[in-house]
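Morning, everyone. Let me put the structure up, and then we'll walk through a few places in it.

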Amino acid sequence: MSRIGNKIIKLPAGVTVSRSDNNVVVKGPKGELSQPIDPDFKLEQEGEELKVLRPTEQKRHKALHGLYRSLVNNAVVGVSEGYKKELELVGVGYKATNQGNVLDLSLGYSHNIIFVVPEELKVTTEMVKGQNPKVILEGSDKQLIGLVAAKLRELRKIEPYKGKGVRFTGEQIRRKAGKTAAK
């Protein structure tokens, strides 16, 4: 029994879901998302509730049931509320500025890094005195935000001794003791 697959998806006001062959198209106030889905799976809508139904009890269908329900739910939440990720730049002299969707990052290398964020996302930067610079990604596609955030994080991985690098806001870092701890 799939607990996640059997959960009901609540459709907020202004969100419509339609099905075409292998895609589920979700439209809402924050945009439109298309999610590929196996044609065997059925979508059943009753008022403001949506159910994803699997055709058989085959192992393959059971394995995909929860996945497709989660993907459709992420699309519904994305077009109604949207998603947001915040990254922090921790290190002396680390800076971030943006012009439109082009990020200019100074991460301690000999040159600045120019990073172009996809047009589907909105990027903003915060430079508050006394705090670490922040890069904020907003959009309706959860997968795309996660991918861009991971690529930004990869530009300067967190080192375990001083904790410098690009990290998610609120992320806990495992720190190592240096050489002097052995004495």
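Which backbone oxygen does the side chain of Ser80 reach? The backbone oxygen of Val76, at 2.9 Å. For polar contacts, the rule is a pair of N or O atoms within 3.5 Å; within protein, one must be able to donate a hydrogen and the other to accept it, and residues adjacent in sequence count only if both atoms are side-chain atoms.

Quick ground rules. This is a predicted model, where local features need pLDDT of at least 70 and side-chain atom pairs count only at pLDDT 80 or more, while totals for chains, interfaces and linings use all residues. Residues are numbered from 1 along each chain as its sequence is written, and side-chain values use heavy atoms, with hydrogens and water left out.

Back to Ser80. Ser80 sits in helix α1, residues 59–80. Helices (H or I, at least four residues) and strands (E, at least two) are DSSP runs, numbered from the N terminus. Ser80 counts as buried because its relative accessibility is 17%. The cut-offs: buried is under 20% relative accessible area, exposed is over 50%, partly exposed is in between, with a 1.4 Å probe and protein chains only. Leaving out residues up to four places away in sequence, Ser80 touches Pro12, Val15, Pro29 and Lys30. Contact here means heavy atoms within 4.5 Å.

Now the domains. There are two parts to the division: domain 1 covers 4–81, and domain 2 covers 83–168. Those bounds come from an automatic or database domain assignment. Their centres, taken over C-alpha atoms, are 31 Å apart. Nine residues of domain 1 contact five residues of domain 2.

How much area is buried between domain 1 and domain 2? About 500 Å², with carbon and sulfur atoms giving 50% of it. Leu33, Asn74 and Gly78 supply 61% of what domain 1 buries against domain 2, more than any other three residues. Buried area is the accessible area (1.4 Å probe) that two parts lose on being put together, summed over both.

What crosses that interface? The rule finds zero salt bridges between domain 1 and domain 2. It does find one residue pair in polar contact, both at pLDDT 80 or more. On the domain 1 side, β4 (31–36) and α1 are the elements that give two or more residues.

On to salt bridges. The definition is a side-chain nitrogen of Lys or Arg within 4 Å of a carboxyl oxygen of Asp or Glu. The count comes to nine. Take Lys10 and Glu49, which meet at 3.5 Å, N to O. They link distant parts of the chain, strand β1 and strand β6 (residues 49–53), 39 residues apart. Lys10 is exposed at 57%; Glu49 is partly exposed at 30%.

Next, Glu86 and Lys134. Their closest N and O atoms are 3.7 Å apart. Glu86 is in strand β7 (residues 83–90) and Lys134 in strand β12 (residues 134–139), 48 residues apart. Glu86 is partly exposed at 25%, but Lys134 is buried at 17%.

Strand β12 comes up again. Glu138 in β12 pairs with Lys122 in strand β11 (residues 122–126), at 3.9 Å. Asp38, Asp40 and Arg60 are linked in a salt-bridge network.

Last stop: Asp21. Asp21 is not a glycine, yet its phi is positive, about 35°. It lies in the loop between β2 (16–20) and β3 (23–28). Asp21 is exposed, at 69%.
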